[in-house]
Amino acid sequence: MASPGRSIPPSLEDAFFAALPGEGRAIDRAIHRDDEMLQFLRQALRGDMAQARGHYFRSGHSIAEALLQILRWRYGGLSSVPSLLDFASGYGRVTRFLAPALGAERVWVSDLYEAGIEFQRQTFGVRGFVSTVDPADLDRPERFAVIVATSLFSHLREERFHGWLQALGRLLESNGMLIFSVHDQSLLPTDRSLDASGLTFQARSESGSHDPQEYGSAWVSEDFVRRAVEGALGEVAIKRLPHGLCAFQDLYVVTRPGDVGSPLEFAAEPKFHLERCDVDSAGLELAGWTGGEPAIEAVEATFGGARATHAAVALERPEAEPFTGRRRCGWQMTLPLPDGFTGAHPLLLRTVDAEGRRQVVHLASVATSTLGCAEERLRWLQEELHRRETRWATDRDRADARHGEDQARSAQTIRELEARIAAMEASRFWKLRNLWFRLKGGGDR
């Protein structure tokens with residue numbers, strides 16, 4: 001913990017916005033107090049509001065950049081986009097980035113949250129209307145050139161999936177474009193399988209206000225999506241972008257046949273994994289793997305206000321090849337510690353692809369990053385120990401004396417990691433950090 005006389009490290013969101021191009025730094029950072037996405041992130045991140053805000057802005061920007069890529073492909077430039085409806089927009093996590101890029105006068109928003117619509121009107125200058133629970137009840141006179149619906153169809157049961165495709169189709173101009181995201185069947189939990197229809201629904205989600213039967217969690221096959229779109233919209237061209245949204249959900253782009261001649265060259269957020277973040281005498285030691293299209297050539301780190309440090313993505317990581325499509329996808333680097341270093345210093349990592357595009361893929365304090373890597377390593381070791389114990393129990397006759405040594409080493413490593421994690425959480429930094437959040441009463445900044 002820095003002494004009172006030392007400078008305070010920049011916040012995570014300050015570090016994030018400083019990494020954006022000039023026009024991106026002027027984004028309005030106001031967040032409505034009832035924003036469920038921020039509340040969900042805060043809960044997932046152990047009540048850390050600074051971390052939640054940083055992730056909120058980073059994910060919103062990533063989604064907006066994916067959509068803007070598609071708009072540039074369809075219209076040749078953002079200034080040519082006639083109108084866009086951000087459907088199921090929530091409280092504006094994505095809208096705050098779309099409105100400045102397109103011009104607020106061309107952007108509409110819609111959601112069930114009346115307060116969310118009014119907040120976006122007042123804060124971002126967009127227009128909007130309150131949606132309905134039943135898609136059959138949505139009756140609006142407006143027509144839009146583009147409708148985007150991110151993280152809506154990934155929450156719908158089959159009846160609503162078809163219903164909302166039809167409802168949004170009624171709001172599209174004759175040559176309009178629909179972009180929406182889904183959970184592909186590859187993301188299904190291991191204990192579930194796809195239903196015969198091609199859609200599996202579970203009545204649970206991160207929302208605390210929606211009826212889970214109306215807004216749960218859904219996984220679909222590509223064949224189901226194509227049949228549903230064609231059934232709702234007729235003859236259309238459908239493009240699937242696997243993991244196109246935040247390197248997780250699939251994006252589907254629906255246009256009229258022959259509407260766009262050139263192929264869509266889409267650069268999704270890269271797959272990225274930080275597996276080591278350690279502070280030692282040499283500095284901050286980082287390592288991980290990454291991959292994407294176009295090929296990721298380097299990882300760039302910004303830490304402690306210093307100039308960015310680059311590491312080539314050139315190390316062989318065969319175990320990560322199924323995720324990245326490349327054997328040489330590993331990277332590592334060492335960063336010097338700044339004066340007055342504390343665990344609160346933000347660590348921002350960006351990938352650099354073969355065309356020079358930069359994408360923020362990690363934003364967290366050093367303390368949170370270190371703890372996260374240690375916890376993940378602990379989970380992996382516990383799972384590996386369980387696999388070995390199961391294997392030994394079913395094959396005792398063939399097991400040799402080495403399995404006892406392996407088991408003892410794994411157990412010792414687990415105990416050391418558990419002690420390390422406990423020490424992190426009991427450290428002066430973590431105690432003061434937790435005390436600070438309690439004194440703040442959990443309020444937003």
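**Reading strands, helices and salt bridges in a predicted model**

Q: Which residue in E2 is the bridge partner of Leu84?

A: Strands of a sheet pair through backbone hydrogen bonds, in either a parallel or an antiparallel way. In this predicted model, the bridge partner of Leu84 in E2 is Val107. Strand E1 and strand E2 (residues 107-111) run parallel and are joined by 4 bridges. From E1 the chain passes through helix H4 (residues 95-102) to E2, a β-α-β crossover that is right-handed.

Q: Which residue of E4 is the bridge partner of Leu85?

A: Leu85 has Ile147 as its bridge partner in E4.

Q: Which way do the residues of strand E1 point, and are they buried or exposed?

A: In a regular strand, side chains alternate between the two faces of the sheet. For strand E1 (residues 84-87), Leu84 and Asp86 point one way while Leu85 and Phe87 point the other way. All of these residues are buried.

Q: What is the order of the strands in the open sheet of 4 strands, and is the pairing parallel or antiparallel?

A: The order is E13-E12-E16-E17, and the pairing is antiparallel. Strand E13 (309-312) and strand E17 (358-365) are at the edges with a single partner strand each, so one side of each has no neighbour in the sheet. From one strand to the next the twist averages 20°.

Q: How many bridges join E16 to E17, and which residue in E17 is the partner of Leu347?

A: Strand E16 (residues 346-353) is joined to E17 by 7 bridges, and the two run antiparallel. Leu347 has Ala364 as its bridge partner in E17.

Q: What span should helix H3 have, and how far apart are its end C-alpha atoms?

A: An α-helix has 3.6 residues a turn, so residues three or four places apart point the same way. Helix H3 (residues 49-75) has 27 residues, which at 1.5 Å a residue should span 39 Å. The end C-alpha atoms of H3 are 38 Å apart, which agrees.

Q: How many residues of H3 are buried?

A: The count is 22 of the 27 residues, so H3 is largely enclosed by the rest of the structure.

Q: What is found at the start of H3, and what follows H3?

A: At the start of H3, Asp48 places a side-chain oxygen within 3.2 Å of the backbone nitrogen of Ala50. Gly76 follows H3 and has a positive phi, near 80°.

Q: How many salt bridges are there, taking a side-chain nitrogen of Lys or Arg within 4 Å of a carboxyl oxygen of Asp or Glu?

A: The count comes to 25 salt bridges. One of them joins Arg58 and Glu269, with the closest N and O atoms 3.5 Å apart. Arg58 lies in helix H3, and Glu269 lies in the loop between strand E9 (249-255) and strand E10 (271-280), so the pair ties together parts that are 211 residues apart in sequence. Arg58 and Glu269 are both buried.

Q: Which residues form salt bridges with Glu316?

A: Arg327 forms one, the closest N and O atoms being 3.2 Å apart. Glu316 lies in strand E14 (residues 315-316) and Arg327 in the loop between helix H8 (321-324) and strand E15 (328-335), so this pair ties together parts that are 11 residues apart in sequence. Glu316 is partly exposed, at a relative accessible area of 43%, and Arg327 is partly exposed at 40%. Glu316 also meets Arg328 in a salt bridge, 3.7 Å from N to O. That pair links strand E14 with strand E15, its residues being 12 apart.

Q: What backbone geometry stands out in the loops?

A: Most residues other than glycine have a negative phi, and most peptide bonds are trans. The peptide bond from Glu293 to Pro294 is cis, with omega near -5°. Pro294 sits in the loop between strand E11 (283-291) and strand E12 (296-303). Cys246, which is not a glycine, has a positive phi of about 55°, and Ala247, also not a glycine, has a positive phi of about 55°.

Q: Where do Cys246 and Ala247 lie, and is Ala247 buried or exposed?

A: Cys246 lies in the loop between strand E8 (237-245) and E9, and Ala247 lies in the loop between E8 and E9. Ala247 is buried, with a relative accessible area of 12%, whereas Cys246 counts as partly exposed at 26%.

Notes
Residues are numbered from 1 along each chain as its sequence is written. This is a predicted model: local features need pLDDT of at least 70, side-chain atom pairs count only at pLDDT 80 or more; totals for chains, interfaces and linings use all residues. Side-chain values use heavy atoms; hydrogens and water are left out. The expected span of a helix is 1.5 Å times one less than its number of residues. Buried means under 20% relative accessible area, exposed over 50%, partly exposed in between (1.4 Å probe, protein chains only). A polar contact is a pair of N or O atoms within 3.5 Å; within protein, one must be able to donate a hydrogen and the other to accept it, and residues adjacent in sequence count only if both atoms are side-chain atoms. Two strands pair if DSSP finds at least two bridges between them. Axes are lines fitted to C-alpha atoms, for helices over the stretch in contact, and angles run from 0 to 180 degrees between N-to-C directions. A crossover is right-handed if, with the strands pointing away from the viewer, the path from the first strand over the helix to the second runs clockwise.
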